[in-house]
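Hello,

Here is the structure I promised to pass on. My notes follow below it.

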Amino acid sequence: MVSTISSSLSALSAFGKKMSVAANNIANVNTDGFKKSRAILREGPYGGVEVTINRIDTPGLPTMEEGSVPATATERSNVDLTEEIPQMMIAKRAYQANTQTIKAHNEMVGSLIDIFR
């Protein structure tokens with residue numbers, strides 16, 4: 001049987017990493033040539049959560065540098081804020097849900113201890 005606490009702690013760690021990856025992508029949205037990453041969550045052994053971080057190598061939009069002759073193009077980052085903001089919202093809500101699970105577990109254990117005193 002999987003402990004509620006260990007499963008929730010594993011999920012808290014995973015969603016923390018997911019939030020960190022999204023935050024890094026957003027921080028580098030204007031960095032030329034930056035390639036975004038994506039945190040993939042999977043069920044791990046014994047009910048835990050495993051995180052795999054993949055780099056997404058899709059090309060960014062080209063931009064033309066003004067005033068350069070001949071015109072040179074640089075590749076912008078491939079970060080799309082319309083993808084990153086929802087990823088952060090999902091991670092935030094999942095983190096909050098697992099925090100509430102731990103809180104409810106602690107309250108139940110406290111009630112059981114009070115009953116047997």
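Tyr46 lies in the loop between E1 and E2. Helices (H or I, at least four residues) and strands (E, at least two) are DSSP runs, numbered from the N terminus. Phi of Tyr46 is near 65 degrees, a positive value in a residue that is not glycine.

Two notes on the source. This is a predicted model, where local features need pLDDT of at least 70 and side-chain atom pairs count only at pLDDT 80 or more, while totals for chains, interfaces and linings use all residues. Residues are numbered from 1 along each chain as its sequence is written, and side-chain values use heavy atoms, with hydrogens and water left out.

**Overall build**

The protein has two helices and four strands. Their order along the sequence is α-β-β-β-β-α. The radius of gyration is 21 Å, well over the 13 Å that the globule rule gives for 117 residues, so the protein is more spread out than a compact globule. That radius is taken over C-alpha atoms, and the globule rule is 2.2 Å times the number of residues to the power 0.38. Along the principal axes, the C-alpha atoms fill a box of roughly 85 × 25 × 15 Å.

Buried residues make up 24% of the 117. The accessible surface comes to about 8,000 Å², and 59% of it belongs to carbon and sulfur atoms. Accessible areas come from the Shrake-Rupley method with a 1.4 Å probe; for residues, only the protein chains shown count as cover.

**Charges and salt bridges**

The protein has 12 positive and 12 negative side chains, and the centres of the two sets lie 6 Å apart. Lys and Arg count as positive, Asp and Glu as negative; His and the chain ends are not counted. The place of a charge is NZ of Lys, CZ of Arg, CG of Asp or CD of Glu.

How many salt bridges does the whole structure hold? The search finds five. The criterion is a side-chain nitrogen of Lys or Arg within 4 Å of a carboxyl oxygen of Asp or Glu.

Take Lys36 and Glu83. They form a salt bridge, with the closest N and O atoms 2.6 Å apart. Lys36 sits in the loop between helix H1 (4-27) and strand E1 (37-43), and Glu83 in helix H2 (residues 81-115), so the pair ties together parts that are 47 residues apart in sequence. Lys36 is buried, at 7% relative accessible area. Glu83 is partly exposed, at 33%.

Next, Arg38 and Glu84. Their side chains meet in a salt bridge at 3.1 Å, N to O. This pair also links distant parts of the chain: Arg38 is in strand E1, Glu84 in helix H2, 46 residues apart. Arg38 is buried at 16% relative accessible area. Glu84 is buried too, at 0%. Lys36, Arg38, Glu83 and Glu84 are linked in a network of salt bridges.

Arg55 and Asp57 also form a salt bridge, at 3.5 Å, N to O. Both of these residues are exposed.

**Individual residues**

Ser37 is found in strand E1. Ser37 is buried, with a relative accessible area of 17%. Leaving aside neighbours within four places in sequence, Ser37 is in contact with Val21, Asn25, Ile53, Asn54, Arg55 and Ile56.

Val49 lies in strand E2 (residues 49-55). At 25% relative accessibility, Val49 is partly exposed. Not counting residues up to four places away in sequence, Val49 touches Ser10, Ala11, Ala14, Leu41, Arg42 and Gly44. Ser6 is 43 residues from Val49 in sequence and 10.0 Å away in space, C-alpha to C-alpha.

Glu107 belongs to helix H2. Its relative accessibility is 48%, which counts as partly exposed. Glu107 and Ser13 are 94 residues apart in sequence and 22 Å apart in space, C-alpha to C-alpha.

Best wishes

How values were computed:
Buried means under 20% relative accessible area, exposed over 50%, partly exposed in between (1.4 Å probe, protein chains only). Contact means heavy atoms within 4.5 Å.
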